[in-house]
Amino acid sequence: MTTLNEILHERLAGGIIPAAEVMQLALYHPREGYYRQNQDRWGFEGRDYYTALDCGPLLGQTLALRLEDNWKQLGSPSSYTILEPGAGRGWLGRDILTHVSPDFLKILIYLHRDDSPAAQNEAIKVLEPWISSGHAIITNNLESIQPFTGAIFSNELFDALAAQPWRWDGNQWLREVLSSNGSEWQVSDSAMAGEWFQSQAIDLEVGDGSIWAEELPHLVGSLAEKMTRGLMIAIDYGESADRLLAKGSDLRRYHQHQVDGKWWEDIGQCDLTADVDFTRLQACWEHEGFHCLTHQSLSYWIRRHALLETWESAWSKLPNEEKMKRINNVLQLTLPGLLGERFRVLEGQRD
Ligand SMILES: C[S@@+](CC[C@H](N)C(=O)[O-])C[C@H]1O[C@@H](n2cnc3c(N)ncnc32)[C@H](O)[C@@H]1O
């Protein structure tokens, strides 16, 4: 059986490999990709990284409220479908389905979409009560989904798309590649990426640069065509295009809660991620006919939509340990410097 390292070795014998191609192989090689092995990746001890869902149900509880509001705004249609691409373990779906009102649940269908075998196995377990009652479905492809009224939302989907780092050297764009010596920057035709960066930078300086996810417009297009009316919500870490350019955004590698920039090491054993360019993500959804698009920090979004005072008084009646978990969850998602400030939420509508 060919291993990922052997594939890369063979490819390198023929020349360099762009970083985005290495990331695609590392995460999505059909057998050995990080998200194609049947291994749990998410969580605290013994895992590689945690997401907002590991901190508690607050994100799902707030989304439940936001989706139910949208359902009412649309005139309470007789069915409302919510599609979650990159749904991982199904925890966000579970937290939403747990917190919606009985009236909303009656007409709600949650579609879990993720090709990771480990994610699907866990989702089948945690969503079992709603799968049995017909309110949750694990979907194996987008094609089988009929266009619906409802919502499309994701948490940390877009940061998992293969992305190519670029740098401005004062005269031209350099692309990060893997050579037999490790990572290198090479002059290359930057095509649409270069045009986009140039259009977003006020003044390009040496060392400025950002990442380019080639698949982004295609993925957004294939999701957007599934929804006739409703709400789109993307939660992810990243920044506006000009800020990413100024900071010289890079690929990151996560392994056992350690983070570094060595994306070319231990291929298939580590998570690789890239900041999301929220200006471009917004432009892609606009191109698909979505409007009222805004992005803001996750902490602002939570404080705006969650009923924190009401919920906090309900939590005060919980046993101490449970109460502390809920309070920690609020702090993680709202305090400066923590997860809620590093993440952004993009919302848009179609009607
Ligand atoms: C960083 S994980 C986030 C998982 C989950 N949303 C969470 O917050 O715990 C990214 C997930 O996106 C999935 N993914 C990547 N590209 C995808 C695509 N085009 N469609 C659906 N899922 C995708 C991966 O398999 C992986 O499980």
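Me: Why is strand β6 described as largely enclosed by the rest of the structure, and how many of its residues are buried?
Reply: In this predicted model, a residue counts as buried if 20 or more other C-beta atoms lie within 10 Å of its own. Strand β6 covers residues 164-168, and it is largely enclosed by the rest of the structure because the residues that are buried number 4 of the 5.

Me: Which residue of β9 is the bridge partner of Q164?
Reply: Strand β6 pairs with strand β9, residues 211-212, in the antiparallel sense, and the pairing runs over 2 bridges. Within that pairing, the partner that Q164 finds in β9 is W212.

Me: Which residue takes a positive phi in the hairpin of β6 and β7?
Reply: Strand β7, residues 173-179, pairs with β6 in the antiparallel sense over 3 bridges, and W166 has R175 as its bridge partner in β7. The hairpin has 4 residues between the strands, and the one with a positive phi, near 105°, is G170.

Me: What is the phi of E156, and is this residue buried or exposed?
Reply: E156 lies in the loop between β5 (148-155) and β6, and its phi is positive although the residue is not a glycine, with a value near 60°. Most residues other than glycine have a negative phi. Since 21 other C-beta atoms lie within 10 Å of E156, the residue is buried.

Me: Where is C292 found, and is it buried or exposed?
Reply: C292 belongs to strand β15, which spans residues 291-297, and its phi, near 55°, is a positive value in a residue other than glycine. Because C292 has 10 C-beta neighbours inside 10 Å, it counts as exposed.

Me: With which residues is M23 in contact, leaving aside its neighbours within four places in sequence?
Reply: M23 is one of the residues with the most contacts inside the largest nonpolar core. Once neighbours within four places in sequence are left aside, its contacts are A162, A163, L251, W263 and L272.

Me: What is the average twist from one strand to the next in the open sheet of 3 strands?
Reply: The order of this open sheet is β12-β11-β13, with antiparallel pairing. Its edge strands, each pairing on one side only, are β12 (258-260) and β13 (271-274). From one strand to the next, the twist averages 25°.

Me: Which residue of β12 stands opposite Y254?
Reply: Y254 has its place in strand β11, and β11, residues 251-255, pairs with β12 in the antiparallel sense over 3 bridges. The residue of β12 that stands opposite Y254 is V259.

Me: How far apart in space are Y254 and L272?
Reply: Y254 is partly exposed because 18 other C-beta atoms lie within 10 Å, and the residues it touches, not counting those up to four places away in sequence, include D48, Y49, C270, D271 and T273. Y254 and L272 are 18 residues apart in sequence, while their separation in space, C-alpha to C-alpha, is 6.4 Å.

Me: How do the residues of the shell around the ligand divide?
Reply: The ligand is surrounded by 18 residues, of which the closest are Y35, T51, G86, G88 and A160. By type, the residues of this shell divide into 9 nonpolar, 5 polar and 4 charged.

Key: Residues numbered from 1 in each chain as written. Predicted model: local features only at pLDDT ≥ 70, side-chain atom pairs only at ≥ 80, totals over all residues. Near = placed C-beta within 6 Å. Nonpolar A, V, L, I, M, F, W, Y, C, P; charged D, E, K, R; others polar. Buried ≥ 20, exposed ≤ 12 C-beta atoms within 10 Å, placed from the backbone. Pairing = 2+ DSSP bridges. Core = buried A, V, L, I, M, F, W, Y, C linked by C-beta atoms within 7 Å. Contact = placed C-beta atoms within 7 Å. Axes fitted to C-alpha atoms, helices over the stretch in contact; angles between N-to-C directions.
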